[in-house]
Amino acid sequence: MGNADSKLNFRKAVIQLTTKTQPVEATDDAFWDQFWADTATSVQDVFALVPAAEIRAVREESPSNLATLCYKAVEKLVQGAESGCHFEKEKQIVLNCSRLLTRILPYIFEDPDWRGFFWSTVPGAGRGGGDEDDENARPLAESLLLAIADLLFCPDFTVQSHRKNNVDTAEDIHGIDSCEYIWEAGVGFAHSPPPNFIHDLNRTELLKLLLTCFSEVMYLPPASDSSNANPWVQFFCSTENRHALPLFTSLLNIVCAYDPVGYGIPYNHLLFSDYREPLVEQAAQVLIVTLDYDTSTSSSPTIDGTTTGTVMDDTDPPGPDNLFVNYLSRIHREEDFQFILKGVARLLSNPLVQTYLPNSTKKIQFHQELLVLFWKLCDFNKKFLFFVLKSSDVLDILVPILFFLNDARADQSRVGLMHIGVFILLLLSGERNFGVRLNKPYSVRVPMDIPVFTGTHADLLIIVFHKIITSGHQRLQPLFDCLLTIIVNGNSNLVYAIIRKRNVFHQLANLPTDLQSIQKALQRKKKASEPISRTNSQDGMSMEGSRPAAPAEPGTLKASLVATPGIDKLTEKSQVSEDGTMRSVEPESSPSPAEGSPPGIISDTESWSGESSKPRRDRRRLSSSSSTGHWNPSPEWVVSWKSKLPLQTIMRLLQVLVPQVEKICIDKGLTDESEILKFLQHGTLVGLLPVPHPILIRKYQANSGTAMWFRTYMWGVIYLRNVDPPIWYDTDVKLFEIQRV
């Protein structure tokens, strides 16, 4: 009865707020306390008892009441952070205010006239809440963010107190060193606090509110320029937040230290509630949002093996305004790199775990957030990237990515997952060590629908890429250039894999390249389904995670992404010099047909070979004119193209080997080619072949196009993953398109 009465009282307060036509004074505590002081409603109850229509009605008809409600809720959070939340009633008030703001904030962000409300200075909204001096007042958004940061390290509310008497004064709260209260051992922290599920639940609630504060960007149209920075993230990751370092460390450690399998007891996830997984998922989402920083506009060095300086140098930190990016770029200890890499690899490999008992192990669902986090780690910290590539541990990341690529190749709602996986492989393939690691034999079998083979990880890479190109859906065509670039970047280390899989490359070489054949092949593969949604007359990109957004309204959510930049915008050329170092190559003045496509979306009817439509028309015109003029080959024509063929190596081999083979055949009277093959296998060509040309490698280079793509994809994943409660469901999102099927 008590819980039912609590819900009824809360609902009555909501009705009173929506029906009042006159503004309610902020000093009327008896009215406002109905929303948080006398209730104990869960976050699901808050979303059910505060309908979206009523929030919009209050926003339009009684804006002063909605503004006062937000101000009073933030004030209660500030007071809770000041007092330390020692009593249960204070903790309940903080949680209720947090849930209420999580419900209301998206509807404030969707109205352009309300976005500046939280950045206005409200009298009495400063630290302490009761200051009469308005000069000390902060904007409401800053007060809210600082209160959340304080509450995330509030003893006995979200962290274990070190005090014996568990009573702290306000001075003690501001004087504590929050670095002593980091949530988990790992990077920069060796002490692992005892688990406390109450603390985990409270942290999850506050992180949901923090993520909701950051989500204002979802209600703005996509913009490729970096000037449109998120002010919420900008302030939270600035020096104004004294908890920035311990919070970054806590989020990173709690994600990388999480082990969903635990002690490996079968079906343990069905017998016991895991309160850590929701916290880890929220921590990963908050972490990737705070790391949303466009490196293409910074002065940090690009990915180039010749540069000894990295983004971790003290003289050139990337994004000095974003402390989270700064902290991430300065991680340098190998034990920290090992901890991060093992943690991310363990979580990415979790969906691949096979046991004799079906569904006996816990399977996580936030692998897309982990892929974005791994991308950020490699992009901002080049020393971490080199650490990953210098050992075979990179294969623990490669195999799960290939699994996800192979599993999602025929699902149009998981195009975003395909892109992020290919982007990561493109980034890794830009380093020579990646091709070297691919030579390790592939022995651990992963549940993939690929032919059984005996070979190396390079063979696995080629097989998966082959299946993506030949049996993937048509919306993957923009990725084909990236897939082939990854294979080419493996250079000589992939030559034996290419020989072993020559039938695969023979099939790829015989794919149709004319427009009519491609359209016919795509029509045969196309299933009877609904038309693909398009945004601004461009191809959209749906994301994995489609599920009913709310139990009351079943449907499928598909978030459309912005255009993927072309391969020429994603990479820069580098070549290996004689001393083994890398140096960048200046781009050519006239791009090749395969690289001449615009950086926007590549149409579904574009050739599989990546050639633009203009060269194809030129070739068609040339062939038609040649047929009408009865053209015949001539010796001059043969000489014109024969002189351009790279035959020097072949001619040198023939010049040296043909006399040796002829002599052996005459001396021994050989008629069987097996003996000749043995002779060639055991021979050597050292000193015979000409000096090879420099190896050209296309390296990923940061640009605003990919930064915008990652931002859109990241928020689309977060939108789809937060369905309990559905924080942003049925709101006017503008960053991407939501289609309910």
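# Notebook: helices and who they touch

**Entry 1, getting my bearings.** I started by counting: the protein chain has 31 helices and seven strands. Helices here are DSSP runs of H or I with at least four residues, strands are E runs of at least two, and both are numbered from the N terminus. I noted that this is a predicted model, where local features need pLDDT of at least 70, side-chain atom pairs count only at pLDDT 80 or more, and totals for chains, interfaces and linings use all residues. Residues are numbered from 1 along each chain as its sequence is written, and side-chain values use heavy atoms, with hydrogens and water left out.

Next I asked how much of the chain is buried. Buried residues make up 51% of the 741 residues. (Buried means under 20% relative accessible area, exposed over 50%, and partly exposed in between, with a 1.4 Å probe and protein chains only.) I also looked at contacts, meaning heavy atoms within 4.5 Å. Among those between residues at least 6 apart in sequence, 75% join residues at least 24 apart.

I looked up H5, residues 63-83. H5 has 21 residues and reaches 30 Å from its first C-alpha to its last, close to the 30 Å expected at 1.5 Å a residue. (The expected span is 1.5 Å times one less than the number of residues.) In H5, 17 of the 21 residues are buried, so this helix is largely enclosed by the rest of the structure.

I moved on to H9 (residues 197-214) and H13 (residues 276-290), which pack at an angle of about 30° with their axes 9 Å apart. (Axes are lines fitted to C-alpha atoms, for helices over the stretch in contact, and angles run from 0 to 180 degrees between N-to-C directions.) H9 and H13 are therefore roughly parallel to each other. (Under 35 degrees counts as roughly parallel, over 145 as roughly antiparallel, 65 to 115 as roughly perpendicular, and the rest as oblique.) I put the crossing of H9 over H13 down as left-handed. (That is when the near helix is turned anticlockwise from the far one by less than a right angle; clockwise makes it right-handed.)

Who makes the contact? (Ala, Val, Leu, Ile, Met, Phe, Trp, Tyr, Cys and Pro count as nonpolar, Asp, Glu, Lys and Arg as charged, and the others, Gly among them, as polar.)

H15 (residues 334-349) has 16 residues and reaches 22 Å from first C-alpha to last, close to the expected 22 Å. I wrote down its buried residues, among them Phe-337, Ile-340, Gly-343 and Leu-347. What covers the buried residues? The cover includes helices H11 (244-256), H16 (367-380), H17 (382-389) and H18 (394-408).

I followed H18 up. H15 and H18 pack at about 30° with axes 9 Å apart, which makes H15 roughly parallel to H18. H15 passes H18 in a left-handed crossing. Leu-341, Lys-342, Val-344, Ala-345, Leu-348 and Ser-349 in H15 meet Asp-396, Ile-397, Pro-400 and Phe-404 in H18. By class, that contact has seven nonpolar, one polar and two charged residues.

I zoomed in on Ala-345, which sits in H15. Ala-345 is buried, with a relative accessible area of 8%. Leaving aside neighbours within four places in sequence, Ala-345 is in contact with Asp-396 and Ile-397. The C-alpha atoms of Ala-345 and Leu-398 are separated by 9.2 Å, although these residues are 53 apart along the chain.

The axes of H16 and H31 (residues 704-721) come within 10 Å and cross at roughly 150°. H16 and H31 are therefore roughly antiparallel to each other. Gln-368, Glu-369, Val-372 and Trp-375 of H16 make the contact with Phe-710, Tyr-713, Val-717 and Arg-721 of H31.

Last, I checked Asn-489 in H22 (residues 480-489). Is Asn-489 buried or exposed? Asn-489 is buried, with a relative accessible area of 3%. Not counting residues up to four places away in sequence, Asn-489 touches Leu-426, Ser-429, Gly-430, Ile-697 and Arg-698. As for H22, eight of its 10 residues are buried, so H22 is largely enclosed by the rest of the structure.
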